[in-house]
Amino acid sequence: MTETVNQSFNGETLTPASPGYDAARTVFNGLVDRRPQRIMRCSSAADVAAAIASARADGLPLSVYGGGHGVTGSAVVDGGVCVDLRGLDGVAVDPEARIARVGGGATWGVVDAATQEHGLAVTGGRVSTTGVGGLSLGSGSGWLERAFGFVCDNLLAAEVVTADGRIVTASDTENPDLFWAIRGGGGNFGVVTEFTLHLHPLGPIVFGGMLLYPGFMAVDVLRNWRDFMRTAPDEVGSGVALITAPPEEFVPEPARGQPCVGVVIAYAGDPAAAPGVLAPLLEFGPPAANLCQPMPYVAVQQLLDPPNQKGMHNYWTGDFLTDFPDEAVAAWVEHGFPPVSPLTQLIVVAGGGAIARVSDDATAFGNRSAPFNLHMLGMWPPDPSQDQANIDHIRGLAAAMKPWTTGSVYLNFIGDEGLTRVESAYGPAKYARLREIKRAWDPENVFRHNQNIPPA
Ligand SMILES: Cc1cc2nc3c(=O)[nH]c(=O)nc-3n(C[C@H](O)[C@H](O)[C@H](O)COP(=O)(O)OP(=O)(O)OC[C@H]3O[C@@H](n4cnc5c(N)ncnc54)[C@H](O)[C@@H]3O)c2cc1C
């Protein structure tokens, strides 16, 4: 389906003089402080088409604001037009067909709540405030991915507003090149105003939670986790992070504020079977705290919300690992601990399962066979005097891990690291194909405030 729209904008436009402008231009990363010339709040695909047309008519750069969680702050652009999708946050679930139609500016918390009403779920972001838009277009990694695949593996169709203002459908049967490209190629090819996602029966109760160990156990905990995850059944979603124990009641007094290791578990199978399946993790001990139990899936999806608050300063990088041998574990702990900031999270996510069974050519996103994915998430309070030490910590850790990396990267987890890093996410053949598709759909690179793929 292709629709040509009458390009009149029916949303609200905020300028620097408007009340609410400053709040509307903030993003998750408090290091980003950009002032768009105007913020065009869209509530329909036609509004999006009109906003794109108006930016082009005025010769202004354009950014797309989904959930505002991109660490580079690409949702906002200085002196340009911010196409704000936050009003497009509807979620309609068809429980019979097991499908959700999700607005391009919705957040994962809204999707999880709506789908769980029907005992259904799709892989979603690990923090409920993250946008569906940016996360899914980068492929979409979440706790359910080993059972159900990435978000992009569950994408049935998308409504896309193109650079020239057309509203098109991308699916296996309509515009298949565009459909291939948006499953991992990011926001380069158009603005997605609706995602149609395939849902799976899950919940409302699942087995999940977190195990917390004191920092001195880090090497042993990581090795045990690695060994278990190498052959774990698909139902096990898990990540392990070097963090600082929060000052919460569930943490024993002496551990609070100290370096520690958190193992997050989300089990997508029968909750009653979980303790047996997960015994190698659950019985490795003793943990300082064990929060694992049957709980609502939406609670698992919000476990990491408290330490991930908007407005903190963030510097991130990431890398896929070829493996996580003992030497790599030792380097990770040696260069990760002690963290400069108690808010920093040094995360290892396990691959395998359903994501590894999809053919590498099926979607723009590749890297499906990497067994582990590093996400070095530096976060600290919004105090510029702390910026450099925290950035240096993350860079030092990333450099120390290079011997075990594949040379490729998960773009959702990195900052502005240049075109070579973007190319490395795809490899030469896929990158060349993406550049051809970019030329077909956005020859003038209107959508360039992102992890950019320039047109061929
Ligand atoms: C706290 C936190 C937790 C995270 N957890 C995960 C995780 O579990 N798994 C994971 O894979 N990633 C995760 N991420 C990374 C996240 O996927 C990316 O930051 C992603 O870009 C966020 O999408 P967004 O829509 O919120 O961001 P935005 O900053 O709004 O968007 C980033 C870019 O994506 C594009 N974009 C967004 N929406 C659309 C759309 N509808 N159509 C076209 N282009 C669009 C635009 O180019 C935009 O500039 C996390 C990030 C944060 C901050």
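How many residues of domain 2 are in contact with residues of domain 3? In this predicted model, 33 residues of domain 2 are in contact with 38 residues of domain 3. The protein chain is divided into domain 1 (2–84), domain 2, which is made of the two segments 91–202 and 432–441, and domain 3 (205–413). Taken over C-alpha atoms, the centres of domain 2 and domain 3 are separated by 25 Å. The size of an interface is often given as the accessible area lost when the parts come together, and for domain 2 and domain 3 about 2800 Å² is buried between them, with 58% of it on carbon and sulfur atoms.

Helix H11 (residues 326–336) packs with helix H13 (residues 387–401) at an angle of about 165 degrees, their axes lying 9 Å apart; because angles over 145 degrees count as roughly antiparallel, H11 is roughly antiparallel to H13. H11 passes H13 in a right-handed crossing. On the H11 side Ala328, Ala331, Trp332, His335 and Gly336 take part, and they meet His393, Gly396, Leu397, Ala400 and Met401 in H13. By class, this contact has 6 nonpolar and 4 polar residues, with no charged residues.

Some backbone features remain. Phenylalanine 337 and proline 338 are joined by a cis peptide bond with omega of about -10 degrees, and proline 338 has its place in the loop between H11 and strand E19 (345–350). Another cis peptide bond, with omega of about 10 degrees, joins glycine 203 and proline 204, the latter being found in the loop between strand E12 (200–201) and strand E13 (205–214). Asparagine 175, although not a glycine, has a positive phi of about 50 degrees, and this asparagine 175 is found in the loop between strand E10 (166–171) and helix H6 (176–182).

Note on methods. Residues are numbered from 1 along each chain as its sequence is written. This is a predicted model: local features need pLDDT of at least 70, side-chain atom pairs count only at pLDDT 80 or more; totals for chains, interfaces and linings use all residues. Side-chain values use heavy atoms; hydrogens and water are left out. Axes are lines fitted to C-alpha atoms, for helices over the stretch in contact, and angles run from 0 to 180 degrees between N-to-C directions. Helices (H or I, at least four residues) and strands (E, at least two) are DSSP runs, numbered from the N terminus. Angles under 35 degrees count as roughly parallel, over 145 as roughly antiparallel, 65 to 115 as roughly perpendicular and the rest as oblique. A crossing is left-handed if the near helix is turned anticlockwise from the far one by less than a right angle, and right-handed if clockwise. Contact means heavy atoms within 4.5 Å. Ala, Val, Leu, Ile, Met, Phe, Trp, Tyr, Cys and Pro count as nonpolar, Asp, Glu, Lys and Arg as charged, and the others, Gly among them, as polar. Domain bounds come from an automatic or database domain assignment. Buried area is the accessible area (1.4 Å probe) that two parts lose on being put together, summed over both.
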